[in-house]
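Here is a colleague's note to read with the model open. Please go through the points in order.

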Amino acid sequence: MDYSGKRISGDSTAESTKKITSDNATAEIAKNHILDVAAEKITGNQIWEDTTKESLKKLSVSAPDQKIYERVLKNWDAIAKPLDGLGRFETLTAQIGAILGTDQLDLSRKAVVIMCADNGIVAEGVSQSGQEVTTAVVRQMAKGASSVGKMAALIGVETISTDIGMSETERIPGVLDRKIRCGTNNFRIEPAMTESEAVRAIGTGIGMVSECKQKGYRILATGEMGIGNTTTSSAVAAALLSCDAGEMTGRGAGLDDERLLHKKKVIAEAIKKYGLYGAEPLRILHTVGGLDIAGLAGVCMGGALFHIPIVLDGVISMTAALLAEKLLSGTAAYLIASHRGKEPAVEKLTDALGLQPVIDAGMALGEGTGAVMMLSLLDLALSVYQGKTSFSEIAVKPYERYGK
């Protein structure tokens with residue numbers, strides 16, 4: 001199924017080998033770990049946090065429902081408006097319907113999952129700010145006072161701020177504790193984390209989607225907070241795509257020319273030091289990545305496994321999405337790119353994923369703000385779809401598609 005924004009027809013559902021699929025994922029992972037209690041008695045997160053590299057390799061996903069996709073498009077054509085009048089919002093809502101398995105689209109329960117983590121690479125002066133800013137912003141998130149919190153509250157989106165790897169050792173009220181470790185290592189000196197820590201963070205993200213589905217959420221957005229994460233995402237993206245670090249690295253929160261050159265140098269040296277071009281995705285992640293990227297990769301994979309649409313934010317989320325697609329082929333069909341951010345890696349990432357961002361406003365705020373903004377636009381489009389004003393109601397002859 002092609003989700004580039006064009007109308008399509010025909011059945012493109014691929015046959016998958018019998019691995020761990022979206023239908024049997026929780027039970028199979030539990031079996032794989034030889035847990036002592038029945039799978040149905042274990043919450044999704046308990047199972048997925050205990051996942052391993054081997055169990056991740058056994059995962060597979062089925063394609064979204066092509067028949068539902070076409071049915072949603074047919075429903076759009078029956079609404080009193082010009083054909084394709086809402087452009088890509090018609091195909092995007094068709095994608096959402098195909099993922100959810102219904103043409104009765106209800107996105108009233110939605111949330112933004114914000115992965116918060118610190119990055120040891122900030123010790124190399126690649127950011128204007130220190131790790132204390134991560135903690136300060138997350139405290140505001142917990143109160144609903146950060147940028148994403150204010151936007152989310154206005155349109156009825158719940159925020160799930162998650163500590164997956166902050167340096168702060170005290171628990172912050174209102175922040176979900178899923179800490180893997182207190183920040184990563186400085187990857188200029190040593191790998192950012194162990195492979196098992198990266199896998200646990202991915203499993204945490206998958207488990208959170210499982211929990212959200214059980215609680216009735218119909219769509220999730222991604223967000224993050226962590227000083228230094230444009231450095232980690234640029235490094236991971238450059239290695240995954242075998243691109244020069246210089247063309248994938250931007251100013252982040254606002255570096256001057258001198259520090260931008262330094263940032264590019266740090267990333268390029270690390271990729272060369274560890275031999276990351278052509279390396280397997282997990283090695284790239286645990287060597288130069290961040291726990292927020294790992295957790296968000298898990299969220300993307302969880303969307304594919306549990307058939308929940310995932311709306312991506314900016315470059316960090318998109319890097320996580322490409323990592324997820326590399327680890328679990330077919331994940332990209334469950335993703336929606338919200339906006340074309342300012343970081344230079346965005347263009348190559350969306351091309352690699354086959355995604356087309358909707359909003360082009362030069363945004364670079366992070367936190368999930370672009371993804372939340374996209375949720376509001378989807379709500380507006382669905383107000384037309386759900387209203388279903390027919391041509392007969394306004395006494396107008398329906399439009400016809402040429403060539404049909």
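Predicted model: local features only at pLDDT ≥ 70, side-chain atom pairs only at ≥ 80, totals over all residues.

The points below go from the whole chain to the sheet, the helices and then single side chains.

1. The chain holds 16 helices and 6 strands. Of its 404 residues, 57% are buried. The accessible surface comes to about 16,500 Å². Carbon and sulfur atoms account for 51% of that surface.

2. **Contacts along the chain.** Take the contacts between residues at least 6 apart in sequence. Of these, 76% join residues at least 24 apart.

3. **The sheet.** In what order do the strands of the open sheet lie? The order is β3-β2-β1-β4-β5-β6. The sheet has 6 strands and the pairing is parallel. β3 and β6 are the edge strands, each pairing on one side only. Strands of a sheet pair through backbone hydrogen bonds.

4. **The β1, β2 and β3 side.** β1 and β2 run parallel and share 7 bridges. Here C116 stands opposite D163 of β2. β2 and β3 also pair in the parallel sense, over 2 bridges. In that pair T162 stands opposite L176 of β3. β2 is mostly covered, with 6 of its 8 residues buried.

5. **The β5 and β6 side.** Strand β5 covers residues 310-312 and β6 covers 335-337. The two run parallel and are joined by 3 bridges. L312 has A337 in β6 as its bridge partner.

6. **A helix across the sheet.** Which strands does helix α13 lie across? They are β1, β2, β4, β5 and β6. α13 spans residues 291-306 and runs at about 150° to β1.

7. **Helix α6 and its cover.** The buried residues of α6 are T134, T135, V137, V138 and M141. Their cover includes β1, α7, β2 and β4. An α-helix has 3.6 residues a turn, so residues three or four places apart point the same way. Just after α6, G144 takes a positive phi of about 75°.

8. **S146, between two helices.** S146 lies in the loop between α6 and α7. Is S146 buried or exposed? At 7% relative accessibility, S146 counts as buried, because the cut-off for buried is under 20%. Leaving out residues up to four places away in sequence, S146 touches Q140, M141 and E367. With E367 there is also a polar contact, side chain to side chain, at 3.3 Å. M141 is itself one of the buried residues of α6.

9. **Salt bridges: E168 and R139.** The count of salt bridges comes to 19. One of them joins E168 to R139, with the closest N and O atoms 4.0 Å apart. E168 lies in the loop between β2 and β3, and R139 in helix α6, so the pair ties together parts that are 29 residues apart in sequence. R139 has 33% relative accessibility and counts as partly exposed.

10. **Salt bridges: E197 and R181.** The side chains of E197 and R181 meet in a salt bridge, at 3.0 Å from N to O. What parts does this pair tie together? E197 lies in helix α8 and R181 in the loop between β3 and α8, so the parts tied together are 16 residues apart in sequence. E197 is buried, with a relative accessible area of 15%.

11. **Salt bridges: E269 and K265.** E269 and K265 also form a salt bridge, at 4.0 Å from N to O. The two are 4 residues apart in helix α11, so about one helical turn separates them. E269 is partly exposed, with a relative accessible area of 33%. K265 is partly exposed as well, at 46%. Through salt bridges that share partners, E269 and K265 belong to one network with E124 and R188.

12. **Places to look again.** Then view the loop between α6 and α7, where S146 lies. Last, view α13 where it lies across β1, β2, β4, β5 and β6.

Note on methods:
Residues numbered from 1 in each chain as written. Heavy atoms only, no water. Buried < 20%, exposed > 50% of the residue type's maximum accessible area, 1.4 Å probe, protein only. Pairing = 2+ DSSP bridges. Contact = heavy atoms within 4.5 Å. Axes fitted to C-alpha atoms, helices over the stretch in contact; angles between N-to-C directions. Polar contact = N/O pair within 3.5 Å; in protein donor to acceptor, adjacent residues only side chain to side chain. Areas by Shrake-Rupley, 256 points an atom, 1.4 Å probe, with all protein chains shown as cover.
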